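This briefing covers aromatic ring pairs and the surroundings of the ligand.

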Amino acid sequence: MKYVSTRDSGVSVTASQAIVQGISNEGGLFVPESIPVLSKSQIAGMTGMDYINRAKAILSLYLDDFTEQELEACVRGAYGSSFSDPAIAPLSRLGMGNYLLELWHGPTCAFKDMALQLLPHLLTVSMSKAAPDKEVVILVATSGDTGKAALEGFKDVPGTRILVFYPVDGVSPMQKRQMTTQEGGNVGVVAIAGNFDDAQTGVKKIFTDEAVQKRLAERGMLLSSANSINWGRLVPQIVYYFSAYAQMLEAEEIRMRELVNIVVPTGNFGNILAAYFACEMGLPVKRFLCASNQNNVLTDFINTGIYDRNRAFHNTITPSMDILISSNLERLLYLLSDRDSREVGRLMEGLSKEGRYAVSDTVKEKMQARFSGGCLDDGATKGVIREVFEAYGYLCDPHTAVAVGVHRDYVRKTGDGTKAIIASTASPYKFAGSVLSALTGENGSGDEFLMASELSRLTGVQIPGQLAGLSHKPERFTRVCAPGMMEKAVMEELMI
Ligand SMILES: *Cc1c(COP(=O)(O)O)cnc(C)c1O
């Protein structure tokens, strides 16, 4: 299978090349030239399989230049022993017909582990095929969770270096601590005096800067990305939607072919796009609910067909969704416009020049036929955390609460009782202050670890060991840099 660029259909690369490169030279994102479709019996056949075999079944369709042994080793390396739940991504029932798909049982307690435990393995194999003997430098812009998950995935992986940029005031104290205490000989972490979009724009700029690439190439180094612009980040995420459906079949909660709704708390549009791919592959999905916080650029886009980032940026209690430029939307636009790379190029130019674009009526109608958007502000999000705990004894993180709340509002408005898979994207203890404040009504500031203990005492829900242990770890990374100085920081961190 070949991969084309959303901005140039003439580009054609293998899966390995797409993973090594991360982003196409002209700035487009890689998309498979066609989407493989599973038969109903193949989907039903996933019942009774473990997660590793489900992953192999899906990934082999997309990564066809990997041998079976290579794929097996990658998948076992990722999911064999680093997740604390044997189901890897278990379902938890939340009242009638609603299921939380818990994606945070990996080493960093957020859903990013689902892909970032696998990506280093995929990248190492891809490098051996597409760029042997090169050292790969991973640049990451993070709104909090990706950075830590990428650091954990790549730490001390031979032939790789990793540098993470995060907005200095845009991540939770626990997220910050997770990154500044990171271990490993090939890792670097730099704070940006700006927001996530500044960090992401800076990283994208470095990627497409030929002078930088040349300088690195002279030293046998190659840039790649662990952000969800990289296909290798996205493809592992398709797996858990099939896995969730299989679990519902196994539990006889649904019958084969029964449609479900999928609800996703959304930032960069990667997770929900993976669900869309699963559906295009044959997973029976009725609607996708795109849940946003107060940075509701996607809600407006789904309702109007106009994407407009010219608005105030809000720092919310769901920092992983504090994003005004959702990169992966580009891939959806490409698919919905019948793979019209010129049209996508035009829209993306509008976004970069004017901060806005309007899609055609056809694309808008196609999008609205499958997607609904909704948003919650911080107050409403805290209300949902409290309601869910009181009604079900279930402690959810703020991002998950946004999804639960948007789904609740959608059901109230439409009466659509279709069973729902709601993506639960982080452990509540990554955001202990906000969650505690939701339950007690107090302001949720103070020492993060004390608040986590208080939350645990109050709810009886255990603090994940990987978070509890952070309070004793020494901080290694304290550098802060201006967004305009990111390139310099990269060179300095790499010592070139
Ligand atoms: C990254 C993240 C999201 C947003 O996912 P996207 O793929 O960027 O849309 C939501 N919740 C949490 C906890 C996250 O870490």
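Rings of Phe, Tyr and Trp (its six-membered ring) pair if their centres lie within 6.5 Å; planes under 30 degrees apart count as stacked, over 60 as edge-to-face and the rest as tilted. The model is predicted, so local features need pLDDT of at least 70 and side-chain atom pairs pLDDT 80 or more, while totals for chains, interfaces and linings use all residues. Residues are numbered from 1 along each chain as its sequence is written, and side-chain values use heavy atoms, without hydrogens or water.

**Aromatic pairs**
- The whole structure holds 13 aromatic pairs.
- Tyr3 and Trp231 form a tilted pair, because their ring centres are 5.7 Å apart and their planes stand at 50°.
- This pair links distant parts of the chain, 228 residues apart: Tyr3 lies in strand 1 (residues 3-5) and Trp231 in helix 11 (residues 231-250), where helices (H or I, at least four residues) and strands (E, at least two) are DSSP runs numbered from the N terminus.

**Ligand contacts**
- Polar contacts here are pairs of N or O atoms within 3.5 Å.
- A ligand oxygen atom lies 2.8 Å from a backbone N or O atom of Asn268.
- A polar backbone atom of Phe269 is 3.1 Å from an oxygen atom of the ligand.
- A side-chain N or O atom of Thr425 is 2.8 Å from a nitrogen atom of the ligand.

Methods
Polar contact = N/O pair within 3.5 Å; in protein donor to acceptor, adjacent residues only side chain to side chain.
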